[in-house]
Amino acid sequence: QQRNRVSISDGPKLNYNAIGAFIEGQIKTKYVLLFLGGRLDKYGFYKNNYSPRISITKNFSKWNYKLILGKSFKIPTLQNINLSENRSIQPEIFKDIQLEIGFRKKQTEIILNGFITRSDHIIIYDFNKQTLAEFYVNKGFSEVLGGELLLKKSMGDFKLKTSYSNYQVFKSNVEDVL
């Protein structure tokens with residue numbers, strides 16, 4: 001089956017036309033600072049996308065916490081579109097939950113952050129060995145679970161910052177994602 005492709009000699013035939021708008025607001029109470037926001041993107045080539053973001057944070061004298069819920073998306077590159085079947089490739093969609101707890105005393109700060117990120121409609125590069133055709137397709141989903149521990153220490157003009165991170169795919173129906 002013949003693929004619908006754009007080459008340099010064809011001239012510019014495929015492009016992105018986009019407009020975006022972002023809005024956010026905040027509500028401050030004794031126990032939380034609530035941020036509500038979102039971004040609306042309108043593309044000529046893809047359907048409209050709304051990406052909400054909510055965060056709940058609070059700083060106390062020694063402790064702080066933060067909870068973030070968000071959605072985002074990544075549109076395919078022109079090459080992803082060019083090398084997809086009938087330009088059928090779709091944007092990748094990401095949903096994210098993050099939780100952070102922090103402690104600080106004098107010149108020391110310790111932050112523990114955990115997250116779960118789900119990716120849907122993952123864009124995968126593939127290659128057909130018989131026809132020697134390369135192409136991009138959307139495949140399934142993947143969920144990544146991770147965490148980070150951060151230590152900051154100030155000693156006069158000297159500042160030390162070190163961190164440890166670990167994350168892994170814990171659920172996926174796409175082998176190629178790795």
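I began with the scale of burial: buried means under 20% relative accessible area, exposed means over 50%, and partly exposed lies in between, with a 1.4 Å probe and protein chains only. The model I am reading is predicted, and local features need pLDDT of at least 70, side-chain atom pairs count only at pLDDT 80 or more, while totals for chains, interfaces and linings use all residues. Residues are numbered from 1 along each chain as its sequence is written, and side-chain values use heavy atoms, with hydrogens and water left out.

**Entry 1, aromatic pairs.** I took rings of Phe, Tyr and Trp (its six-membered ring) as paired if their centres lie within 6.5 Å, calling planes under 30 degrees apart stacked, over 60 edge-to-face and the rest tilted. My search of the whole structure returned four aromatic pairs. One of these joins W63 and F103, and it is tilted because the planes stand at 55°, with the ring centres 4.9 Å apart. I noted W63 as partly exposed at 46% relative accessibility, and F103 as partly exposed at 27%.

The pair of Y125 and Y136 is edge-to-face, at 5.4 Å centre to centre and 65° between the planes. Since Y125 lies in strand β6 (residues 108–128) and Y136 in strand β7 (residues 133–155), the pair ties together parts that are 11 residues apart in sequence. Which of the burial classes does Y136 fall into? At 19% relative accessibility Y136 counts as buried, whereas Y125, at 41%, counts as partly exposed.

I counted a salt bridge where a side-chain nitrogen of Lys or Arg is within 4 Å of a carboxyl oxygen of Asp or Glu, and the structure holds five of them. R118 meets D120 in one, at 3.0 Å from N to O, and E143 in another, where the closest N and O atoms are 2.8 Å apart. R118 sits in strand β6 and E143 in strand β7, so their bridge ties together parts 25 residues apart in sequence. I therefore recorded R118, D120 and E143 as linked in a network of salt bridges.

R118 lies over the face of F141, 4.1 Å from the ring centre, and K58 lies over the face of F60 at 5.9 Å.

The side chains of D126 and K139 form a salt bridge at 3.9 Å, N to O. D126 is in strand β6 and K139 in strand β7, so the pair ties together parts 13 residues apart in sequence. I found D126 partly exposed at 24% relative accessibility and K139 partly exposed at 28%.

I placed I97 in strand β5, and its relative accessible area of 42% makes it partly exposed.

Terms used:
Helix = DSSP H or I, 4+ residues; strand = E, 2+ residues; numbered from the N terminus. Lys NZ or Arg CZ within 6 Å of the ring centre and 35° of its normal.
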